[in-house]
Amino acid sequence: MTKDIATLLLALLLCQLLLLSHLTIVRDTVLGRRPEVRLLLLVSLAMAVGDLLLALRTQLSGPFWLVISNVVVAGGVRLLAVATRQLLRGQGADRGDLQSMLLGAAVLSLLVLLSAPYAWIVTWVSLWLAQPMLCIALLVWRQGRGRERALSMVLLGGLFALGGGLGRALEAHLGPERADSLLQPASVLTTWLFLVMTFGALAAQIGLLMASFERTALQLEQMATTDGLTGCLNRSAAHALVGHEIERSRRDSRPLALVLLDLDHFKQVNDRHGHAAGDAVLRGFAQVVRSRLRHSDIFGRMGGEEFCVVLPATDRAGAHEVVDALRHAVERAAVAQTERGETLRVTVSAGTVIFDPTVERLTPSPDQLFARADMLLYRAKHAGRNQVQTSGWVSLNPL
Ligand SMILES: Nc1nc2c(ncn2[C@@H]2O[C@H](COP(=O)(O)OP(=O)(O)OP(=O)(O)O)[C@@H](O)[C@H]2O)c(=O)[nH]1
């Protein structure tokens, strides 16, 4: 390998330009509008300009360009740390970032003005660049575990860049040869350290972009399957899962209960206390139900004040017991409060249909099972509300 940092800088510049064009193209998409992705666009821009200035060091020589090129690169690296913090903590740039930039630039300018040895300048710049990388690695290590998988690339890139930076700082003093310009490194080791540092930072940039992409995809998936008001599954997601559960129940020969829950006289809540109070009641009701379900149960909002619950591996007696306990819990709970401090209570009616593949040879479709549960719910309403009607799906007599 030749000691050619200019070629490395050119390769790095091309990578940054590619990343920059990608980030510019996606600027107006859901991904591009995320704050950390907007910051990443600035990171790429700063890195590309910085790399260009460093690569042109023979043309743009002199103390001014030395300071400017390093300040621009340091700004890019600092913004990368801010973007990481934005993704993991939702916090943007703060006073500490500005202070660190000003201090770094001031010390560098002083070293250049005092014509300090080149090794001192390299040491200072390397430490200045390594510090945000340490912040990135610590942040991802502490707060990124169990979150987006691409964060491991940010951690790895951050550690490489940190190692490269510290290595350069040490090598500038302890290395056998002395260099006096970035473009004419003293040894192959210098080139390697520079490569590890710069491409580590690039890997962290790409990792952060991928992590934002993962987060966006997850949020879109959640929005597509979740009811915004109550946090339950929405109608189509619940319907699809009922289909899966019927199939699983048939395959495993285990019973399955589908429950339709409908709040009683909910219109009166809206009429007396207003729509906002009605919304609060729906949220409170959903919380009461959710707190009493198992992790494997399915809870969805079918629309308005009607909800569904799927209890896998639950027979008729078990389902009736669970649903009646739910009904009782709702009856007892203060599900919401009005702005005037009045406590709101509601009751709920339920229709529970059981599909037991060991006794019923016909496997229902989700629509058939929902229709039966609806029939039972109607019976519960008709019989006076605040009660549960339970039946097997084939054995159910038509009204
Ligand atoms: N606040 C609020 N109200 C809603 C929402 N969706 C539907 N509703 C209201 O829920 C009420 C449902 O009324 P009905 O279908 O007559 O049912 P009910 O009053 O509960 O009567 P029964 O079911 O027969 O006991 C209507 O007033 C709808 O406007 C919502 O998201 N928020």
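Reader: What makes T352, V388 and T390 contacts of H320?

Author: In this predicted model, the test is on C-beta atoms, which must lie within 7 Å. Leaving aside neighbours within four places in sequence, H320 is in contact with T352, V388 and T390. H320 itself is found in helix α11, residues 316-332.

Reader: Why is H320 called buried?

Author: The cut-off for buried is 20 or more other C-beta atoms within 10 Å. H320 has 20 C-beta neighbours inside 10 Å, so H320 counts as buried.

Reader: How far is H320 from G92?

Author: Their C-alpha atoms are separated by 51 Å. Along the chain, H320 and G92 are 228 residues apart.

Reader: Which domains does the chain have, and how far apart are their centres?

Author: The domain assignment gives domain 1 (5-224) and domain 2 (235-392). Their C-alpha centres lie 53 Å apart.

Reader: What is the separation of R340 and A48?

Author: The C-alpha atoms of R340 and A48 are separated by 59 Å. These residues are 292 residues apart along the chain. R340 has its place in the loop between β4 (336-337) and β5 (343-344).

Reader: Is R340 buried or exposed, and how do you know?

Author: Exposed requires 12 or fewer neighbours. R340 has 7 C-beta neighbours inside 10 Å, so R340 counts as exposed.

Reader: How do you know that the span of α2 agrees with its number of residues?

Author: Helix α2 covers residues 35-55 and has 21 residues. At 1.5 Å a residue, α2 should span 30 Å. The end C-alpha atoms of α2 are 30 Å apart, so the two values agree.

Reader: What makes α2 largely enclosed by the rest of the structure?

Author: The count of buried residues does. In α2, 16 of the 21 residues are buried, so α2 is largely enclosed.

Reader: Why are α2 and α7 called roughly antiparallel?

Author: α2 and helix α7 (residues 188-225) pack at an angle of about 160°. That makes α2 roughly antiparallel to α7, because angles over 145 degrees count as such. The axes of α2 and α7 are 10 Å apart. The crossing of α2 past α7 is left-handed.

Reader: Which residues meet where α2 and α7 pack?

Author: On the α2 side they are E36, V37, L40, V43 and S44. On the α7 side they are Q205, L208, L209 and S212.

Reader: What makes α6 and α7 roughly antiparallel?

Author: Helix α6 (residues 151-174) packs with α7 at an angle of about 155°. The cut-off is over 145 degrees, so α6 and α7 are roughly antiparallel to each other. Their axes are 7 Å apart. α6 passes α7 in a left-handed crossing.

Reader: Which residue other than glycine has a phi near 55°, and where does S253 lie?

Author: S253 has that positive value. S253 lies in the loop between α8 and β1 (256-263). With 9 C-beta neighbours inside 10 Å, S253 counts as exposed.

Reader: What is the phi of H265?

Author: H265 has a positive phi of about 50°, although H265 is not a glycine. The loop between β1 and α9 (266-273) holds H265.

Reader: Why is H265 called exposed?

Author: H265 has 12 C-beta neighbours inside 10 Å, so H265 counts as exposed. The limit is 12 or fewer.

Reader: What makes D252 exposed?

Author: D252 has 12 C-beta neighbours inside 10 Å, so D252 counts as exposed. D252 lies in helix α8, residues 235-252. The C-alpha atoms of D252 and T358 are separated by 9.8 Å. Along the chain, D252 and T358 are 106 residues apart.

How values were computed
Residues are numbered from 1 along each chain as its sequence is written. This is a predicted model: local features need pLDDT of at least 70, side-chain atom pairs count only at pLDDT 80 or more; totals for chains, interfaces and linings use all residues. Domain bounds come from an automatic or database domain assignment. Helices (H or I, at least four residues) and strands (E, at least two) are DSSP runs, numbered from the N terminus. The expected span of a helix is 1.5 Å times one less than its number of residues. Axes are lines fitted to C-alpha atoms, for helices over the stretch in contact, and angles run from 0 to 180 degrees between N-to-C directions. Angles under 35 degrees count as roughly parallel, over 145 as roughly antiparallel, 65 to 115 as roughly perpendicular and the rest as oblique. A crossing is left-handed if the near helix is turned anticlockwise from the far one by less than a right angle, and right-handed if clockwise. Two residues are in contact if their C-beta atoms, placed from the backbone, lie within 7 Å.
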